[in-house]
Amino acid sequence: MQTSGWLQLGLFVVALAVITKPMGLYLLRVLDANGRTWLDPVLRPLERLTYRLMGVDSSKEHDWKQYTLAMLLFSLVGCVFTYAILRLQHLLPLNPQGFGALSPDLAFNTATSFTTNTNWQSYVGEAVMSYLSQMVGLAYHNFVSAATGIAISAALVRGIARNGVRPSSGAAVSEVPGLGKVSGGSLVSSVAAPGDGRTPVMTLGNFWVDLVRVTYYLLLPICLVFSVVLVSQGMIQNFKPYTKAKLVEPYKISVEKKNDKGETTLGADGKPVLEEQTVTEQTIAQGPMASQVAIKILGTNGGGYANANAAHPFENPTPLSNFLQMLSIFAIGSGLTYYLGRMTKNQAHGWSVWGAMMVLFLGGTLLCWWAEAKGNPIHHRLGVAVADGNMEGKEVRFGIFNSALFATVTTDASCGAVNSMHDSFTPLGGFVPLFNIQLGEIIIGGVGAGLYGILVFVVLAVFIAGLMVGRTPEYLGKKIQSYEVKMAMLSLLILAVSILGFAAWASVSPWGLAGLNNAGPHGLSEMLYAYSSGTGNNGSAFAGLTANTPWYNTTLGLGMLIGRFLMIVPILAMAGSLAQKKIAPPSAGTFPVAGGTFVVLLLGTVLLVGALNFLPALTLGPVVEYFLTAQGRLF
Amino acid sequence: MKDLFAHLRGAVMSTLILAAVCCGLYPLIVFGVGQLAFREQANGSLITDPDGTVRGSRLLGQGFTADKYFHPRPSAAGNGYDAANSSGSNLGPTSQKLYDAIKDRIAAYRKENGLKNSDSVPADAVTASGSGLDPHISLRNAELQAPRVATARGLGVEKVRALISQSTDPAGFGVLGEAGVNVLRLNLALDGL
């Protein structure tokens, strides 16, 4: 663990802290239907035109059921859109390499994967996807699944922040510190009848407005700048066919001999006959990469343009591009904690949530870095330099520290881009990304998903604290009752059931074991990681697993759908319930949701739930592997 | 039911509009700016001969085995350095296959470069990179290979070392990432002497 690593870690945390507030303030404007930004002159007309074509009245707000319905329909249409593109790829333009259509199970897996912001990839990008499939079929979801996540987190925060009393006049005007008066729009849905007056239908915002505004005002402008910076570092952005380079030193390889029909020739011993071939060319994959990578990173999608993802020198050319990518993964999620503070008029609460996340982030980073820097004792005994750490699956330009940091960041958030191969990490180094995902990706987390994920834990923490002191639990003046706790628990249990259930099924099935690249405990880790990553909507992998089979594609696809939508629906229901509640003024018995005690309680809740759910499985995977590595056991 | 159809219209229209903006307009703007402002990078940082033949990319490694060339890291991309099939080995810490491969590579590395059996070998020289296309090797790895290359070419070691430092990409701003020696650029520089 060298000095330069500590410097870079310090630089990263400081940079993140610095951008959190400006990002939060900007989010506050974007997520307000009437918020003003300096991009208004260009984007306002486009925004209005979009609403008109969609037939949306942007002044009307949705209650939680309307909001959920709109979100689900939108996701469904997008999923079908991408499925169709992937299945018809061979008929569509921008396919200079002439790639064929994807199989139905792979297209299903990929379409759900990108719709759910997972970006799990059962395919090799540069060998399967046409430029159109990448640029339209996949990058489309990189934008809108991110926007959907942010919209939902905003809906939940509105549910928490809004006072559940029907206002006397139609429009509520609230004072937003630092921004002056911002009209909050009508709190009461004018779509649905507000009822008899005693139980007003409280609204959470308008899904379509949130979706469009986040995409236009937040994601697109940042991506435009970011992708040009990435191109300047060496990332490609073109529509050329793949380039053929004449190798400086041609080399010979042994390949299986094929007959005229393309069948492998078998020798007398039944094994394929090998023949020598001289390779004189290197085929260099090209394409519109930078525009896609910018949003893949910023929107915590993580689906690599190339198979090696951010380890590919085109997809992450320099240490600077690497630093900016890591920072972008956290940028929006970090800003959302500030948004939470502003919206709930309790900035200390926002920073406390951020602080708890940073504790978990630093813990994971240090453990992963330490384990990777220490290296693999089995390989040390062979003569690998001890000081170099574990370099299998890592790139020289990033080294040990940046690989460990990227692995932690990408799994703290639900990004899933990788700049090193997690499958080749040391046991404890690989434990960190796996456990990060299983905690629910609430350490900054995916854009939006991280915030609504951690708020579930906040509700639980407040509930537990209430039980301990024997008072009705309150969160920011709103009573936490059985309905909220049920919804919170539901969203957590669904995650655990899907991960452990599918992994258990795979580990006792021939189809599950057939995909393994590694035997022993590491094989179990590969399966556990796959379903954690799928259900957690992360998308990174212990990538040795051959997952492009109908069984894996289908079960992982289901895991992704469960992890996304069965988590979101209870959360929106909770938001709807919270929105109706009146805010009680703080009293002496109110549990403070800011400061050290709260942070410790929140951390305890997160770690306890994570440990109770997953430690038994983790013990059979990475933990036992750690002890076997010390013994020098091989599989 | 009325709501359902209203939302369905919103879903279909927003999909089409957002796709047109985010997947048509946006990548084309980036394409235009990239091709105008950073033409070389946007097209793959290609290295070409004076006659226009593409010899590779500054950012992508190539396989080398002859004594007179510096050797890159082992590669798991396709049959090795396949730039249309990037991949790591994905072999885990307790893998027998990885153990055997590293054992063989260490023996070969020591033999090629005249190291003693007790000498430790740079980790990057015997492990596959994440992409299988890593253009770099570590400074120590290059240093250990320098005498072999110098002998094979009949050059002074100092001359080779000078080329190594010319082909070294430093850490970003002196602090970000790690310095590495770009093998393809180094070998082309050697051939150009």
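This dialogue reads a few features of a predicted model.

Trainee: What should I keep in mind about the model before reading it?

Mentor: The model is predicted, so local features need pLDDT of at least 70 and side-chain atom pairs count only at pLDDT 80 or more, while totals for chains, interfaces and linings use all residues. Residues are numbered from 1 along each chain as its sequence is written, chains are lettered from A and ligands numbered from 1 in the order in which they are written, and side-chain values use heavy atoms, with hydrogens and water left out.

Trainee: How many helices and strands are there in chain B?

Mentor: Helices (H or I, at least four residues) and strands (E, at least two) are DSSP runs, numbered from the N terminus. Chain B has 7 helices and 5 strands, in the sequence pattern α-α-β-β-α-α-β-α-α-β-β-α. With a radius of gyration of 23 Å, well over the 16 Å that the globule rule gives for 193 residues, chain B is more spread out than a compact globule; the radius is taken over C-alpha atoms, and the rule is 2.2 Å times the number of residues to the power 0.38.

Trainee: Where does H6(A) bend?

Mentor: A bend is the angle between axes fitted to the seven residues ending at a residue and the seven starting there. H6(A) bends by about 30° at Ala139(A).

Trainee: Is H6(A) mostly covered or uncovered?

Mentor: Buried means under 20% relative accessible area, exposed over 50%, and partly exposed in between (1.4 Å probe, protein chains only). H6(A) is mostly covered, with 30 of its 31 residues buried, whereas in chain B buried residues make up 54% of the 193 residues.
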